Amino acid sequence: PRWDTIDMVKHPNGHLYSSKPPLLPTMAAGEYWLIHRLTGWTLDTHPYEIGRFMLVTMNVLPMALYFLILAALAERLGSTDWGRIFVVAAGALGTLLTTFAVVFNNHLPGALCAIVCLYAGVRIWLDGERRLRWFLLAGLCAGLLVTNELPALAFSALLSLGLLWKAPRQTLAAYVPGALVVAAAFFATNWIAYQSLRPPYMHRSPGDNWYDYSYERNGHTIESYWRNPQGIDRGETSKAADAFHALVGHHGVLSLTPVWLLAFAGMGLGPVRRALEHVVKGLTLLIASVTVICLVFYLGLQPQGNRNYGGMSCGLRWMFWFAPLWLVSMLPAADGVGQRRWAQVLAAVLLAVSALSVTYPTWNPWTHPWLFDFMYH
């Protein structure tokens, strides 16, 4: 009672399970076990004390590390103080990723893994770093990124190829084993939980649909929510409408957080600016390529039931892990903007609108964006 959820599936063995991959909850269970051993508390007796303590250790402290790494990347890759400061300010105030710091979720760990991969890649490519610890760190984070955000496989694959070309010996000796350890943990926890190597959301085919079920409670038959989803979970019938609202509509990446206009401008400017290092140009091109691949995947290849913008959420949460990538790609544009007063004012307005969207769901990111509420009413 009071802990029901729609993110639930029914295994062929008759038991009800979470629909989420079990690796991240298993990692969190390690910290919970330690808290329980030290204090005797349980989630039944002290749910709020344990929950908030774990949010600090699993969300707030990692987000502080995320900001520090972002500042280091801005210092290394930016060319003007104004551009560096603006990008870090945008990262701290203007992305919907920060709204998820108050709940246990996969998007924030995914974004942290993405920015660590970027930082390790910059150290290896630009600074000539060849110590195995950096390759191992990149491999572990590339693997964890994919387990938290499956479409991020495109980014991890391109990163893997780049490192293999740049430093094949170190990549094979440390990066690949690090990624394989995470892959083994992902499949092992799936097998232990479900006796299947595939996570629950990959069991949706006819004859193997874990989302189509009913169960008994207190003499009443309860049917799966997904037999008759409501509201936004019904999915957009039109792919064109889905793409419109995902980009510039009620869940729009650019309408809710228009500061990303500068990131997209940076993706266009980065590869052609002569002053930039060739490696930085390549990094910007990589980010642009992954962005296009994932947008096509989300907006062009999903069935109607999946065209729901991530369900009831403060934005298109499937793209939140892109925040560190887009912030880095914003640097060329931000450096250019810093040369003109009128452009600085325009950039500040874009950041202000983005910050307003971020503050709308301060206490609960599992709410609709302000633009959706405005259009609805």
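Gln195 is found in the loop between α7 (168-194) and β3 (204-205), where helices (H or I, at least four residues) and strands (E, at least two) are DSSP runs numbered from the N terminus. The structure is a predicted model, in which local features need pLDDT of at least 70, side-chain atom pairs count only at pLDDT 80 or more, and totals for chains, interfaces and linings use all residues. Residues are numbered from 1 along each chain as its sequence is written, and side-chain values use heavy atoms, with hydrogens and water left out.

- Gln195 is not a glycine, yet has a positive phi of about 55°.
- Gln195 is partly exposed, with a relative accessible area of 43%; buried means under 20%, exposed over 50%, and partly exposed in between (1.4 Å probe, protein chains only).
- Asn218, also a residue other than glycine, has a positive phi near 50°.
- Asn218 is placed in the loop between β5 (214-217) and β6 (220-223), and counts as exposed at 72% relative accessibility.
- Most residues other than glycine have a negative phi.

**Nonpolar cores**

- A nonpolar core is a set of buried Ala, Val, Leu, Ile, Met, Phe, Trp, Tyr and Cys residues joined through side-chain atoms within 4.5 Å.
- The largest such core has 85 residues, and those with the most contacts inside it are Leu77, Phe155, Trp260, Trp321, Trp326 and Met330.
- Helix α4 (residues 107-125) contributes the largest share of this core, 12 residues.
- Apart from this core lies another, of five residues, among them Ala28, Ile35, Ile50 and Met54.

**Contacts of Met330**

- Not counting residues up to four places away in sequence, Met330 touches Phe86, Val87, Ala90, Val259, Trp260, Leu262 and Ala263; contact means heavy atoms within 4.5 Å.
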